[in-house]
Amino acid sequence: QVQVQESGPGLVKPSQTLFLTCTVSGGSITTKDHLWGWIRQSPGKGLEWLATVDYNGGTYYRPSLKSRTSISRDTNKSQFTLQMTAVTPEDTAKYYCTRWSADTAGYDYWGQGTQVTVSS
């Protein structure tokens, strides 16, 4: 059974860089037809896709956030990380790491989410 677990700082000050890590167990992040990524949900708003890394290490970003976000992976640790620079209070949200599968053409695994609050 695949499990994904987010970890992060909880509280970040404006203009700082946010680092979030997703640890995957029970599966490989290099398996073809699986995409690993980050989605967030701000208070009162819908789900917002942020970034994805594929089985080959290819990366994809939400265009409006591309200049501030970076996704990377460590295949030895079975982890992938989101870096977001110059955060503002508008980046306050619950951040989820996810797996998208070609088998189901949808997100089949989600972490529990980690709350990130941007505040001075």
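1. Which residue in β3 is the bridge partner of Gln3? The partner is Ser25. Keep in mind that this model is predicted.

2. Strand β1 covers residues 3–7, and strand β3 covers residues 18–25. The two run antiparallel, with five bridges between them.

3. Strand β3 also pairs with strand β8, residues 79–84. Six bridges join them, again in the antiparallel sense. One example is Phe19, whose bridge partner in β8 is Gln83.

4. Now the cysteines. How many disulfides does the model have? The count is one. Cys22 is joined to Cys97, with an S to S distance of 2.2 Å. This pair links distant parts of the chain: Cys22 lies in strand β3, Cys97 in strand β9, and 75 residues separate them. A disulfide is a covalent bond between the sulfur atoms of two cysteines.

5. Look at the geometry of that bond. The torsion about the S-S bond of Cys22 and Cys97 is about 60°, so the disulfide is right-handed.

6. Are these cysteines buried or exposed? Cys22 is buried, because its relative accessibility is 0%. Cys97 is buried too, also at 0%.

7. Finally, check Thr92. This residue sits in the loop between β8 and β9 (93–101). Thr92 counts as buried because its relative accessible area is 16%, and the cut-off for buried is under 20%. The Thr92 side chain reaches the backbone nitrogen of Val118 at 2.9 Å. Leaving aside neighbours within four places in sequence, Thr92 is in contact with Ser42, Pro43, Gln115, Val116, Thr117 and Val118.

Methods:
Residues numbered from 1 in each chain as written. Predicted model: local features only at pLDDT ≥ 70, side-chain atom pairs only at ≥ 80, totals over all residues. Heavy atoms only, no water. Pairing = 2+ DSSP bridges. Helix = DSSP H or I, 4+ residues; strand = E, 2+ residues; numbered from the N terminus. Buried < 20%, exposed > 50% of the residue type's maximum accessible area, 1.4 Å probe, protein only. Polar contact = N/O pair within 3.5 Å; in protein donor to acceptor, adjacent residues only side chain to side chain. Contact = heavy atoms within 4.5 Å. Disulfide = S-S within 2.5 Å.
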